[in-house]
Amino acid sequence: MTDIPQDHPRYHSLMTRHRIVSGVDKGITSQEGLIAQGRGEAFDYLIGEETLPSARAAEYAAAATILLAERPVISVNGNAAALVPAELVQLSDITGAPLEVNLFYRTGERVLKIIEHLQAHGAGQVLGGQPDAAIPGLSSQRCKVCRSGIYSADVVFVPLEDGDRCEALVGMGKKVVAVDLNPLSRTAQCATISIVDNVVRAVPNMVGMVMELKGRDAGYLHGIVKDFNNKRGLADVMDFISRHLSEIN
Ligand code: ATP
Ligand code: MG
């Protein structure tokens, strides 16, 4: 609970901060996660703290891509677990994509706490507790994955990703769907689908889109994916930011 008044002009942003801080207090988010959130917030300010049309198009293409996948997996880190645990569980339920905990600042204890946190929000089995495979070419702790999960996935949805691992996953031939507020990050630049939006908006949006698209045939879903152009989406965000800034001046 917080004493942030609901009519505070930055209510949503402050509540999001509060969730990250309480994630740190619970031992599910790393202290470095606070800094990552801060970097994200700065970009959120620049896009007006709203889902841009190009982000909505990316979320739609992402929903279709996950529905078309044979072995989709949702990769969860400490920030995503603190911000959207129930929504990630819901996305996993409606797509059949298992959740796998994958951390940059990995400790066995933190992985376990995140698994328990997701289960407290309704998750069944969560992967990542006993990694038995490694992503080639990565020296960070994030190389540790489950053979039945991320290692053999064809599509990996990573709400918050590190650039190195994004490149390594793409290098393994996987489609990577990333959410990253920074359109210039290595993650956004190398993902197959880059959603430049706050995870607190992107994941609930995707839940709604998956519900809408679930009954559609593969041809319809392929059409959505084909119409989406990631490079153009990123360019649109940058265009929006520069126009937005020049209008303020
Ligand atoms: P990269 O490794 O991709 O080059 P980076 O090293 O700058 O990026 P990291 O520290 O690896 O960034 O991860 C933080 C990234 O996550 C930042 O790019 C930030 O914009 C993004 N981010 C942080 N919080 C959120 C959020 N709530 N929603 C969406 N994106 C976020
Ligand atoms: Mg990084």
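Author: Helices are DSSP runs of H or I with at least four residues, strands are runs of E with at least two, and both are numbered from the N terminus. The model is predicted, so local features need pLDDT of at least 70 and side-chain atom pairs count only at pLDDT 80 or more, whereas totals for chains, interfaces and linings use all residues. Residues are numbered from 1 along each chain as its sequence is written, chains are lettered from A and ligands numbered from 1 in the order in which they are written, and side-chain values use heavy atoms, with hydrogens and water left out.

Several polar contacts (pairs of N or O atoms within 3.5 Å) join the ligand to the protein. Glycine 163 places a backbone N or O atom 2.8 Å from an oxygen atom of ligand 1. For arginine 39, a polar side-chain atom lies 3.4 Å from an oxygen atom of the ligand. A polar backbone atom of leucine 181 is 3.2 Å from a nitrogen atom of ligand 1. On its own, ligand 1 has 620 Å² of accessible area, and the protein covers 86% of it; such areas come from the Shrake-Rupley method with a 1.4 Å probe.

Ligand 1 takes up the space of the largest pocket; a molecule sits in a pocket or cavity if more than half of its atoms lie within 2 Å of its grid points. On a 1 Å grid over the protein atoms alone, a cavity is a set of points where a 1.4 Å probe fits but cannot get out, and a pocket is an open set with protein on both sides within 12 Å along at least five of seven lines; lining residues have an atom within 4 Å of a point. The volume of the largest pocket is about 820 Å³, a volume being the space filled by probe spheres set on the points, which are joined across faces, edges and corners. Of its 33 lining residues, Ala36, Arg39, Leu160, Glu161 and Asp162 are closest to the centre. Two or more lining residues come from each of α2, α4 (78-83) and α8. α2 gives the most, nine residues.

The second largest pocket contains about 280 Å³ of space. It is lined by 17 residues, of which Arg10, His12, Ser13, Asp44 and Glu49 are closest to its centre. α1 (11-26), α2 and α9 (199-213) each give two or more residues to this lining, and α1 supplies the largest share, five residues.

Finally, the structure holds one cavity of 30 Å³ or more. The largest cavity has a volume of about 60 Å³, and among its lining residues are Ser54, Phe228 and Leu234. Its lining has six nonpolar, four polar and no charged residues. The largest share of that lining, four residues, comes from α11.

How values were computed. Polar contact = N/O pair within 3.5 Å; in protein donor to acceptor, adjacent residues only side chain to side chain. Nonpolar A, V, L, I, M, F, W, Y, C, P; charged D, E, K, R; others polar.
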